[in-house]
Amino acid sequence: MKFRIAFVLVMALLVSAFGAVAAQQMGGTPESQGHSDHMSATPDMPKGNLSMGGFYFTVTNAGEEPDRLVKVESDIAQTIEIHNVEMKDGVMAMSPQHDGVEIPANGELVLEPGSYHVMLIGINKSLLEGEEFSATLFFENAGDVEITVPIYVAQPDEDEFGDAVKVGDDLEVSGIWARQAPKVDGMATPMASPAATPGS
Ligand SMILES: [Cu+2]
């Protein structure tokens, strides 16, 4: 009999707990629902819990003027930043490149693991090998270009990269691929940079 009472009490508590959550969700204004509601409801949740991805390519500049990769956009992630990997106080850390990255005249910019990369923060869909997504690269002089980014677990062979594309007269983007971010010992957890983290 005692067990039964305890069981009923536990069930009542569970039901009221779920009921409270449901009521909270039902009662929210349209603006407060979705991702932003979830984020603001858990302000202490570290950004590192978001799924991360990295993507990589090489930009070759055949021109006499430098250009600059200023921005990357895609539906694949909530936030996209251009990062470099640098030693800071003896620790490898990601540093956001808010002003973009230069592609020297008659030179190239290589984005690759352990160096410059595009950081996908809060990916909307797991990055599965064999699938692909599209992204738009914005260059200061050459304009923008949409690329198709194939997903691999590790750096693919030369003939498996995404299709190379020309941008303007002088730029070519090649060596295109992406992966879900692996966990790396000794590397600070990837996080959205302060500029992209309202409220922190
Ligand atoms: Cu990064």
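Leaving aside neighbours within four places in sequence, Ile 80 is in contact with Val 72, Glu 73, Ser 74, Val 118, Met 119 and Leu 120, where contact means that the C-beta atoms of two residues, placed from the backbone, lie within 7 Å. The model is a predicted one, in which local features need pLDDT of at least 70 and side-chain atom pairs count only at pLDDT 80 or more, while totals for chains, interfaces and linings use all residues. Residue numbers start from 1 along each chain as its sequence is written.

Ile 80 is found in strand S3 (residues 77-88). Ile 80 counts as buried because it has 21 C-beta neighbours inside 10 Å. The cut-offs are 20 or more other C-beta atoms within 10 Å for a buried residue and 12 or fewer for an exposed one, with partly exposed residues in between; the C-beta atoms are placed from the backbone. The C-alpha atoms of Ile 80 and Gly 122 are separated by 8.7 Å, although these residues are 42 residues apart along the chain.

In the protein chain as a whole, buried residues account for 24% of the 200 residues. Of the contacts between residues at least 6 apart in sequence, 71% join residues at least 24 apart. The protein chain contains two helices and 11 strands. Helices (H or I, at least four residues) and strands (E, at least two) are DSSP runs, numbered from the N terminus. Along the sequence, the pattern is α-α-β-β-β-β-β-β-β-β-β-β-β.

Four strands form an open sheet in the order S5-S2-S8-S9, with antiparallel pairing. Strand S5 (101-103) and S9 are the edge strands, each pairing on one side only. From one strand to the next, the twist averages 40°; axes are lines fitted to C-alpha atoms, for helices over the stretch in contact, and angles run from 0 to 180 degrees between N-to-C directions. Two strands are taken to pair if DSSP finds at least two bridges between them.

Within this sheet, strand S8 (residues 132-139) and strand S9 (residues 143-150) pair in the antiparallel sense over eight bridges. A hairpin of three residues joins S8 to S9. Ala 135 stands opposite Ile 147 in S9, and Leu 137 has Val 145 as its bridge partner in S9. In a regular strand, side chains alternate between the two faces of the sheet.
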